[in-house]
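Please have a look at the sequence and the structure first.

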Amino acid sequence: MENYKIIAGLGSAGKKSCHAESRRRLAKVMSLSLVLSVMGLVTLAAQEMDGIISPNEYSHKAEFDKGNYILHWKTSANSIAFAMEAKTTGWLALGFEPTRVMKDADMVLGWVDGSGKAFIVDAWSTGTFGPHPEDSSLGGRNDITGFSGSEKNGNTIIEFSRPLASSDKYDHSLPSFGDVKIIWAYGTGDNINQKHRKAGTSVIKLGP
Ligand code: HEM
C-alpha cells in the first residue's frame, strides 16, 4: 500500500513535470519559429537590395516625367523599401515632405559609378533650392539600412530601405499606410552637387 502511494505520488509528479516539459518544448518551438521567421524576413529584405526590380518585389509604383523616372515602394512592419529607376547614368533622388520646393525635404540621393559601384547619401535640404548636405554633417545620422544599385543601357536603379520611424531630426517619419508628399529628381552625372536634369513633386500612398 505504502509502495502504491509512493508510486501514485511519483506518477502525478511525473505527469506535472511531463506537462511542464511539453510546455517548455512548445515555448522552445515557438521561439525558434519566431527567430526563423524574423531571420527569413531579414534575409528577404537583404535579398531585395540587389539593384534589380523583380516582378512583384514592390507592391506600389508611380511614373513621373513620362516614365523617365519610376518609383517603386513597399512597407513592412517597421521599415520601407524603395527602388528609384531613371533613364540616366547620373544620380537619382527622392525627398520626403518638403515645406517649400526642396526646403526641409528628407532626401536620399544615389548613383552608380563607372565601375558599377553604388553609392547612397542620406541628406536634408536646408534651403528652398538646396543645398542638401548629408544628415551626418548636420549632426544627424545615416538611417539607410540597406541599398544597392545597378546601371544598364543608360538606365540606373537605386534600391534602399530605411525605418519608417526615425528619431533623427534630419529624417521625416513615414506612415506604414497613408499619403506622403514627395519630390523626385535625377541628374545627368554622378556629381550630386550638380543640378537635376528633371525634378518634380507628387503625393504617393504608402502601403505594404
Ligand atoms: C545640387 C543639387 C540641386 C540643385 C542645385 C537644385 C536646384 C534647384 C533649383 C534652382 C530649382 C528651381 C527651379 C529650376 O531652376 O529648375 C529647383 C527646383 C526643384 N528641385 Fe532642386 N536642386 C538640386 C537637387 C534636388 C534634389 C536632390 C531634389 C529631389 C530630391 C530636388 C527637387 C526639386 C524640385 C521638386 C523642384 C521643383 C521643380 C518644379 O517645380 O518644376 N532638387 N532645384
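## Core, sheet and ligand shell

The largest nonpolar core has 35 residues, and the ones with the most contacts inside it are Phe82, Met84, Leu92, Ala93, Leu94 and Trp184. A nonpolar core here is a set of buried Ala, Val, Leu, Ile, Met, Phe, Trp, Tyr and Cys residues joined through C-beta atoms within 7 Å. A residue is buried if 20 or more other C-beta atoms lie within 10 Å of its own, exposed if 12 or fewer, and partly exposed in between, with C-beta atoms placed from the backbone. β3 gives the largest share of this core, six residues.

The model is predicted: local features need pLDDT of at least 70 and side-chain atom pairs count only at pLDDT 80 or more, while totals for chains, interfaces and linings use all residues. Residues are numbered from 1 along each chain as its sequence is written.

Met84 is worth a visit: Met84 touches Leu71, Leu92, Leu94, Gly110 and Ile158, leaving aside residues up to four places away in sequence. Contact means C-beta atoms, placed from the backbone, within 7 Å. Among contacts in the protein chain between residues at least 6 apart in sequence, 56% join residues at least 24 apart. Buried residues account for 27% of the 208 residues in the protein chain.

Helices (H or I, at least four residues) and strands (E, at least two) are DSSP runs, numbered from the N terminus.

Five strands make an open sheet in the order β1-β2-β3-β8-β7, with antiparallel pairing. Its edge strands, each pairing on one side only, are β1 and β7. Two strands pair if DSSP finds at least two bridges between them. β2 and β3 pair in the antiparallel sense over seven bridges, and Thr75 stands opposite Ile80 in β3.

| β1 | 60-64 |
| β7 | 146-152 |

Which residues come nearest to the ligand? Of the 21 residues around the ligand, they are Ala93, Gly95, Ile183, Ala185 and Ala199; a residue is near if its C-beta atom, placed from the backbone, lies within 6 Å. β4, β5, β9 and β10 each supply at least two residues of this shell. The shell divides into 12 nonpolar, eight polar and one charged. Ala, Val, Leu, Ile, Met, Phe, Trp, Tyr, Cys and Pro count as nonpolar, Asp, Glu, Lys and Arg as charged, and the others, Gly among them, as polar.

Key
Contact = placed C-beta atoms within 7 Å.
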